[in-house]
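Student: I have a structure open and would like to go through it. Can we take it piece by piece?

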Amino acid sequence: MKPIRPVGIVGYGGYVPIYRIKASEIGRLWGNDGCSLPIVEKAVAGPDEDMTTIAYEAARYALMRARIDPCEIGAIFIGSESKPYAVKPSGTIVAEALGIGSHLLAADYEFACKAGTEAFQTCIGLVSSGMARYAMAIGADTAQGRPADDLEYTAASGGAAFIFGLKSDETVAYLEGSCSYATDTADFWRRAGQPYPRHFGRFTGKPAYFRHVITAAKKLMEELGLGPEDFDWAVFHQPNTKFPLKAAKMLGIDRKKLEPGLLVPYIGNTYSGSSPLGLAATLDVAQPGDRILMVSYGSGAGSDAFSFVVQDAIEEKRPLAPPVRAFLARKKYVDYATYARFRGKLLR
Amino acid sequence: MSVPRFWREIPHKYRLLGSRCRSCGAVYHPRRRVCPRCGSRDLEDVRLSRRGRLLAFTVVRRAPSDLDEYKPYIVGLVELQDGVRVLSQIVDCDPSELRPGLELEATLRRIRAHGPAGVIEYGYKFRPVIKWEPEGGASSLGDASGGEVPAGEGDR
Amino acid sequence: MSGLAAIVGAGCTKVGEHWELSVLELAVEASLKALDDAGSPPVSAIYVGNAASEVLNEQGNLAVLLADELGLRGIKAVEVRAGDASGALALHQAYLEMAAGAPGPVLAVGVEKLTDVMIQEVERVQMLFEDARATFHSGITIPGLCALLTRLYMQQYGASYEDLVLLAVNDHRNAANNKYAQYPFPITVETVLNSPLVADPVRLFDTAGVGDGAAAVLIVKAEEARRFSDAPVRLLASEAVAGEASFSSREDLLSMNSLRKAAARALKRAGMDIKDVDFFELHNTTSVVGILALEELGLAERGEGWRLVKEGQIAIGADWPVNTMGGLKGRGHPWGATGLYQAVEAVWQLRGEAGKNQVEGAEVGLTHNMCGLGSLSCVHILARWEVRA
């Protein structure tokens, strides 16, 4: 998918809450002897945080880097699977808080963990078509892990925001093309009204994550005439540490290229925030001319793959807001009781 | 729970909208129509600085009924860069990390949810300023509040 | 206007948890005591001070209801509210009624019943007396505001918390001899420090408790006072001044403008100087507020109020007796009633009926009743009958 007029990222920002719980602390409750924990620790939203407040933070940093008049943003889309309201858009709350004005399109997206990159695609289309001067896409989540379930180790909170505009000297990276691939594959889902999602264990691997990530990535490379060696960096959706590394291997991409964007060992799976935060962390270190592959994955199932090329403006705009690593470094550990309290598990 | 009242309060709770007296320069939060310092009625809307310093704080341990589940929580008196003082919860820190003069910045957080089915009130809370080391070891620490989000015409 | 009015009847209930008495029944009890104290004359007007009966007791319009309960139909009935200054403000209105030429005695009653709701509701309702846009948003409670004030005072003047709570110790010492007090027992600084934190650094025994109570006085024209009582007490001045509505907007966070102005006006009206005052009933929501009041009244320099207390100068036999019957801390603080409790206690002092807490030769008393942290102050000056303005 190539937009008729080239589109780029005008500003970007990420946010991770300060609290952390170690996977070993979760394991302590459930009798896990610590031999195979999927990550080291994960980020936990505070009791007064939710997807909307996280989206606000990320969006604020994106605006700081963008250096545009907020009122010129014509659309705001937030992708999440932990919307505080089943009916009422979080986008309008974030827009009001940022002073974006009311002449805008707003919607909340759902496609499990790839809801944020769904929003990317829409923004790209709106901007390229001329319907909006700028459009903001946010992926943010305060994912809930069912107590005792495997995914409790990794379900985490965080988000990142991207403001898209037509490619120009003001964009920090431009889009070469994207590719979306979706099938009806129920590897992981949450029924309406249910507090926690369900999944089917190993079925979430090959027929789900890998099929869609690899297919979308290969299709993208084919359409753009690129090979794995043409990319300087790669960001994959990160449900755990193993999957993105394996996907890289399957595509022939050197694992070193994943390093800046591989955040899951220390913040967990931020669901709709996962690959967007990985992209933000990569932009925090990438140099002009670098090519970045980004492939998201959402259960249900689908992947969006993107190829971005970094531009000169990154040097000037990067320091205008905190890098993702500043949030990684900012941490306070909580025990399981506090974690359960913060995440509302005690009140259910 | 008063939905109209929460809606009315959005400008001053989400965006720290206040008033500045055009005659004497005094700044107020929330907005007002008459300047108590000089009596003027010539006041303009202004978005207050999101940066401030902590004057004093306390830890509320006996909470009102609607905030009971959040106790203990820290409330501080913050002096914004504009000079106006606001009362606000202080988050993302322990009381032991706080001292008068500490630099704080505003963020958006949940104030309270009105039960599992009521509306959620959002609004400002303050936290210690996030600082970071620029890549490549440049000499000065960056911080997130130097760059303010420009005020748009979206302010009511 | 000075010297126009006199108090000829005074009465109150004990402050405590009156599970069996409704807010109205409490008011009736205090009213009947005050009326009986004056020989039960007919009443021309009734002013009722109450802060929050709608939300605490699901009953509004108390003045009309009380008049009816007292068998007083066809008279003027006025409800007065200003948070925890409601009582003194009701007294102020009654005083004005008398000064304006009321055709007969005027009853001023203060009543509050806090125990019909749980403490978390009490905290929530109190936040309404300050600017709710600030209190409800930040979650700061009244003890929390007092805690901020305590910290600011300690930071500014170097006093310790132990020094400040000596005021609470003083109050309890006096409450021990007051049969109407909610907490009639002495305490020490250790009692305070061992009590739970309410809002750091303020501890439970540094806050006014939660209780029910009602107090009332009957006011008549000074020239008619002897008809009703052998021991009338002069009401020489009654002033009410509003300061900044919000604590955080004060230019000087450690001052209470409203008290300074109200006291100055009251003393001027009474033709007196602060040195003429023999005892003070202050409104220390927590100790620091009382300390600041001592400074605002000029009894101590700024930042030295705590020394006055530490040096024992506010004890009954000393230079500046404070809270002679226990004050908010020892006697109790049923919000809308407190201002009238202060008046009743001043009457006892000036009649020589204060028992073990009697200030020898007390001729002039000053009461300060406040809303919240000083958004409104009411100051009254009362004097022994023989003292003229």
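Predicted model: local features only at pLDDT ≥ 70, side-chain atom pairs only at ≥ 80, totals over all residues.

Student: Start with chain A. How many helices and strands are there in chain A?

Tutor: Chain A has eleven helices and 14 strands. Its radius of gyration is 18 Å, close to the 20 Å that the globule rule gives for 348 residues, so chain A is as compact as a globular protein of that length.

Student: And what box do the C-alpha atoms of chain A fill?

Tutor: Along the principal axes, that box is roughly 55 × 45 × 35 Å.

Student: What percentage of chain A is buried?

Tutor: Buried residues are 59% of the 348 in chain A. As for contacts between residues at least 6 apart in sequence, 79% of those in chain A join residues at least 24 apart.

Student: Which domains does the assignment give for chain A?

Tutor: Domain 1 covers 7–171 + 316–342, and domain 2 covers 177–314. The centres of these two domains of chain A, taken over C-alpha atoms, are separated by 16 Å. Their contact takes 50 residues from domain 1 and 43 residues from domain 2.

Student: On the domain 1 side of that contact in chain A, which element has the largest share?

Tutor: That is α4(A), with seven residues. Elements that supply at least two residues to this side include β1 (7–15), α4 (115–128) and β7 (157–166) of chain A.

Student: What classes are the residues on that side of domain 1 of chain A?

Tutor: They divide into 22 nonpolar, 15 polar and 13 charged.

Student: How much of chain B counts as buried?

Tutor: Of its 156 residues, 42%. Among contacts in chain B with a separation of 6 or more, residues 24 or more positions apart account for 48%.

Student: How many residues of chain A are in contact with chain B?

Tutor: 33 residues of chain A are in contact with 27 residues of chain B. On the chain A side, α2 (51–66) and α3 (90–98) are the elements that give two or more residues. The most comes from α2(A), with seven residues.

Student: And the classes on the side of chain A that touches chain B?

Tutor: There are 19 nonpolar, six polar and eight charged residues there.

Student: Switching to chain C. How is chain C divided into domains?

Tutor: Domain 1 of chain C is 5–118 + 210–233, and domain 2 is 140–205 + 234–382. Their C-alpha centres lie 23 Å apart. The contact takes 41 residues from domain 1 of chain C and 31 residues from domain 2.

Student: Which elements supply at least two residues each on the domain 1 side in chain C?

Tutor: β1 (5–12), α4, β4 (106–113) and β7 (212–221) of chain C. By class, that side has 26 nonpolar, eleven polar and four charged residues.

Student: Which residues make the contact?

Tutor: From α4(C) they are S86(C), G87(C), A88(C), L89(C) and L91(C); from α16(C) they are T338(C), G339(C), L340(C) and A343(C). The residues of this contact divide into five nonpolar, four polar and no charged.

Note on methods:
Residues numbered from 1 in each chain as written. Chains lettered and ligands numbered in written order. Contact = placed C-beta atoms within 7 Å. Helix = DSSP H or I, 4+ residues; strand = E, 2+ residues; numbered from the N terminus. Nonpolar A, V, L, I, M, F, W, Y, C, P; charged D, E, K, R; others polar. Domains from an automatic or database assignment. Rg over C-alpha atoms; globule rule 2.2 N^0.38 Å. Buried ≥ 20, exposed ≤ 12 C-beta atoms within 10 Å, placed from the backbone.
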